[in-house]
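Please read it with the structure open.

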Amino acid sequence: IGVRETTVVDAQFDEAQSRAEITMRFVAELTSVVRDRGGDIVEGDAKKVKRQKDTWTFARNMGTDDPNWHLVATDA
């Protein structure tokens, strides 16, 4: 997988809930294959590159001891 672009699409903060959300757009180039036990390709093409675009939204409750952002939505 080769990430070609990462962009912040939106960022919001809900003061009442102390909750932050950030929406990111990822553009990547990838290949997909399935191989058998011998290493031979049984599905896909190792030379065919596909461009994948995804939008992911992460959220975090601010002011807590938990530093982790959680994935709350995805959209291709």
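This is a predicted model: local features need pLDDT of at least 70, side-chain atom pairs count only at pLDDT 80 or more; totals for chains, interfaces and linings use all residues.

The points below run from the overall fold to single residues.

1. The protein has 0 helices and 4 strands. Along the sequence the order is β-β-β-β. The radius of gyration is 18 Å, whereas the globule rule gives 11 Å for 76 residues, so the protein is more spread out than a compact globule.

2. **Dimensions and surface.** Along the principal axes, the C-alpha atoms fill a box of roughly 55 × 25 × 15 Å. Of the 76 residues, 12% count as buried.

3. **Contact range.** Take the contacts between residues at least 6 apart in sequence: 39% of them join residues at least 24 apart.

4. **Aromatic pairs.** How many aromatic pairs are there? The count is 2. In one, the ring centres of Phe 26 and Trp 56 are 5.4 Å apart with the planes at 65°; that angle is over 60, so the pair is edge-to-face.

5. **Aromatic cluster and burial.** Phe 26, Trp 56 and Phe 58 form one aromatic cluster. Is Phe 58 buried or exposed? Phe 58 is buried, because its relative accessible area of 19% is under the 20% cut-off. Phe 26 is partly exposed, at 26% relative accessibility. Trp 56 is also partly exposed, at 32%.

6. The structure holds 2 salt bridges. One joins Glu 29 to Arg 4, with the closest N and O atoms 3.1 Å apart. Glu 29 is partly exposed at 25% relative accessibility. Arg 4 is exposed, with a relative accessible area of 54%.

7. The side chains of Glu 21 and Arg 19 meet at 3.6 Å, N to O. Glu 21 counts as partly exposed, at 29% relative accessibility. Arg 19 counts as partly exposed too, at 26%.

8. **Lys 50.** Which residues does Lys 50 touch, leaving out those up to four places away in sequence? They are Ala 28, Glu 29 and Leu 30. Lys 50 lies in strand β3 (residues 41-61). The C-alpha atoms of Lys 50 and Ala 28 are separated by 8.2 Å, and the two residues are 22 apart along the chain. Glu 29, one of these contacts, is also the salt-bridge partner of Arg 4.

9. **Nonpolar patch.** Phe 13, Met 62 and Trp 69 make a nonpolar surface patch of about 300 Å². Trp 69 is found in the loop between β3 and β4 (70-75). Trp 69 counts as partly exposed, at 40% relative accessibility.

Technical notes:
Residues are numbered from 1 along each chain as its sequence is written. Side-chain values use heavy atoms; hydrogens and water are left out. Helices (H or I, at least four residues) and strands (E, at least two) are DSSP runs, numbered from the N terminus. Contact means heavy atoms within 4.5 Å. Rings of Phe, Tyr and Trp (its six-membered ring) pair if their centres lie within 6.5 Å; planes under 30 degrees apart count as stacked, over 60 as edge-to-face and the rest as tilted. Buried means under 20% relative accessible area, exposed over 50%, partly exposed in between (1.4 Å probe, protein chains only). Patches are made of residues with over 30% relative accessible area and no salt bridge: like charges are joined within 9 Å, nonpolar side chains (Val, Leu, Ile, Met, Phe, Trp, Tyr) within 5 Å. Accessible areas come from the Shrake-Rupley method with a 1.4 Å probe; for residues, only the protein chains shown count as cover. A salt bridge is a side-chain nitrogen of Lys or Arg within 4 Å of a carboxyl oxygen of Asp or Glu. The radius of gyration is taken over C-alpha atoms; the globule rule is 2.2 Å times the number of residues to the power 0.38.
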